[in-house]
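Open the model in your viewer and keep the sequence beside it. The stops below go from the whole chain down to single side chains.

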Amino acid sequence: MSPPISDPPGGGPAERFASEIRFLEEAARLAAENVLRAHGGPFGAVVVRGGTIVGRGVNRVAARPDPTAHAEIEAIRDAARTIGRFDLGECVLYASCDPCPMCLAAVYWARIRRVVCGAPASLAAEAGFMDVSLWAELALPPEQRRLVVEHVDLPACREVFALWNRSEKKIPY
């Protein structure tokens, strides 16, 4: 397990910039270690809350196998377990590369307030990852995308939402 990394006291601009670099370097270290161990792709991420890393993740898509096991998702899952809640609104995500669309959506779902990246998505594309093509696909109107999404209006599916709306036990998120 990696030692905790946290911000020094003070927090002026120079100290904050140094922290940004340290957290990005930790994400890059995780990514490099992951590649050297042949556990997955060249991606690492950390989630930071109050100047302390509360979640770490590396790409484990091939190792699991799980197409959603991206570094950012793994770091978000780790952070949520660490702090005991799904709302990570007090956190910042540091990623070794720009997040893909799935990971960016997870950042929004987690309510993370800021993302700091160490490399552009173009480097992931040059390395054979499909991030850039996914962004282009999602920019298209739904009827022009290669993935066909069909809707079947099923009353049972609608009833689940009515049940949710009536529930006194729901936890909004």
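This is a predicted model: local features need pLDDT of at least 70, side-chain atom pairs count only at pLDDT 80 or more; totals for chains, interfaces and linings use all residues.

Now colour the residues by burial: of the 173 residues in the chain, 33% are buried.

Hide the surface and show the C-alpha trace. Along its principal axes the trace spans about 55 × 45 × 30 Å.

Switch to a cartoon view. It displays 6 helices and 4 strands. Follow them from the N terminus, and the order of elements is α-β-β-α-β-α-β-α-α-α. Next, display contacts with a separation of 6 or more: 49% of them join residues 24 or more positions apart.

Select the charged side chains. There are 20 positive and 21 negative ones, and the centres of the two sets lie 6 Å apart.

Finish with the cysteines. How many disulfides does the chain have? The count is 0. A disulfide is a covalent bond between the sulfur atoms of two cysteines, and the cut-off used here is 2.5 Å between the sulfurs.

Cys103 is buried, with a relative accessible area of 0%.

Then select Cys117 and Cys97. The closest cysteine sulfur to that of Cys117 belongs to Cys97, and it is 7.3 Å away, again too far for a bond. Cys117 is partly exposed, at a relative accessible area of 29%.

Technical notes:
Residues are numbered from 1 along each chain as its sequence is written. Side-chain values use heavy atoms; hydrogens and water are left out. Helices (H or I, at least four residues) and strands (E, at least two) are DSSP runs, numbered from the N terminus. Buried means under 20% relative accessible area, exposed over 50%, partly exposed in between (1.4 Å probe, protein chains only). Contact means heavy atoms within 4.5 Å. Lys and Arg count as positive and Asp and Glu as negative; His and the chain ends are not counted. The place of a charge is taken as NZ of Lys, CZ of Arg, CG of Asp or CD of Glu.
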